[in-house]
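Come and read along with me.

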Amino acid sequence: MTTWRPGDTLVPRYIAHDDSVSQAFPTRVIEASERVLALHLPDGTAIKSLPNVPAEERASSLATMAPASEQPKLDRQWDNDSIRLHFRGEPFSIWLLFGPGWKFNWWYGNLETPYVETPIGIDTRDHALDVAARPDGRWWWKDEEEFEERLKLGFDSAAHQAAVRAAGNEVIRRLEGHEYPFASGWPDWRPERDLPPPTLPET
Ligand SMILES: [Mg+2]
């Protein structure tokens, strides 16, 4: 097991269906403890990612989309401060997304496989369906249309999707029950000092 310390650069990567990397971004470790692996993805960080498909086009473009390995990995700039909370063995991560001036805008329950450690960070696989919530606790499912299309096209099995839905329901249960990390000081977290954004290791 890797020992991460606050301030370390840690790279989460999202791995696509065909085992290629769809997204890699450098983050700075805030807390690495038994309860949470908390990461800061600063505004202005240079990341690598597949071309972004607008949310409203995702479901309809699924059938004709080239495999991830055949799409270019683009250099992009992350455009908001985010905190990403990962939990060992859990099939989701929970993000906090901030606007300019560190205005807390959203909770985001990203449904994904439990992370595995790598020499540079962690790897996980995204499940398309997500749960988003306002700071006041109002929540909704996100990307349901894309999720349904994946079932129709045979990308996902019904059993897999039932497990993903259950993971989302667990996020909602914690949110409504004011359980960690929701009832916590995370929306008030701020970096102790201004540092340049972390950078991806040379590969
Ligand atoms: Mg997602």
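**Ground rules.** I am working with a predicted model, where local features need pLDDT of at least 70, side-chain atom pairs count only at pLDDT 80 or more, and totals for chains, interfaces and linings use all residues. I number residues from 1 along each chain as its sequence is written.

**Whole protein.** I found 3 helices and 13 strands; helices (H or I, at least four residues) and strands (E, at least two) are DSSP runs, numbered from the N terminus. The C-alpha trace spans about 50 × 45 × 35 Å along its principal axes. For 203 residues a compact globule would come out near 17 Å, and the protein's 17 Å agrees.

Next I looked up burial. A residue is buried if 20 or more other C-beta atoms lie within 10 Å of its own, exposed if 12 or fewer, and partly exposed in between, with C-beta atoms placed from the backbone. By that rule 25% of the 203 residues count as buried.

**The core.** Which residues touch the most other members of the largest nonpolar core? I found A38 and V171, in a core of 25 residues. Such a core is a set of buried Ala, Val, Leu, Ile, Met, Phe, Trp, Tyr and Cys residues joined through C-beta atoms within 7 Å. Among the elements giving it two or more residues are β4 (37–41), β7 (82–86) and α3 (158–176).

**Strand β4.** I counted 5 of 5 residues buried in β4. L37, L39 and L41 point one way, while A38 and H40 point the other way.

Then I looked for partners; two strands pair if DSSP finds at least two bridges between them. β3 (residues 27–32) pairs with β4 in the antiparallel sense over 4 bridges, and a hairpin of 4 residues joins the two. Here R28 stands opposite H40. β4 also runs antiparallel to β7, with 5 bridges, and L41 stands opposite S82 there.

Two residues are in contact if their C-beta atoms, placed from the backbone, lie within 7 Å. Leaving aside neighbours within four places in sequence, A38 is in contact with I30, E31, I83 and L85. Why does L41 count as buried? L41 has 21 C-beta neighbours inside 10 Å, so it counts as buried. Beyond four places in sequence, L41 touches F25, T27, W78, S82 and R84.

**Helix α3.** The buried residues here are V164, A167, G168, V171 and L175. Seen down the axis of α3, they fall within an arc of 95°, so they line one face of the helix; the arc is that of the directions from the helix axis to the C-beta atoms. These buried residues pack against β8, β9, β12 and β13 (139–142). Exposed residues on the other side of α3 include A158, N169 and E176.

Key. Rg over C-alpha atoms; globule rule 2.2 N^0.38 Å.
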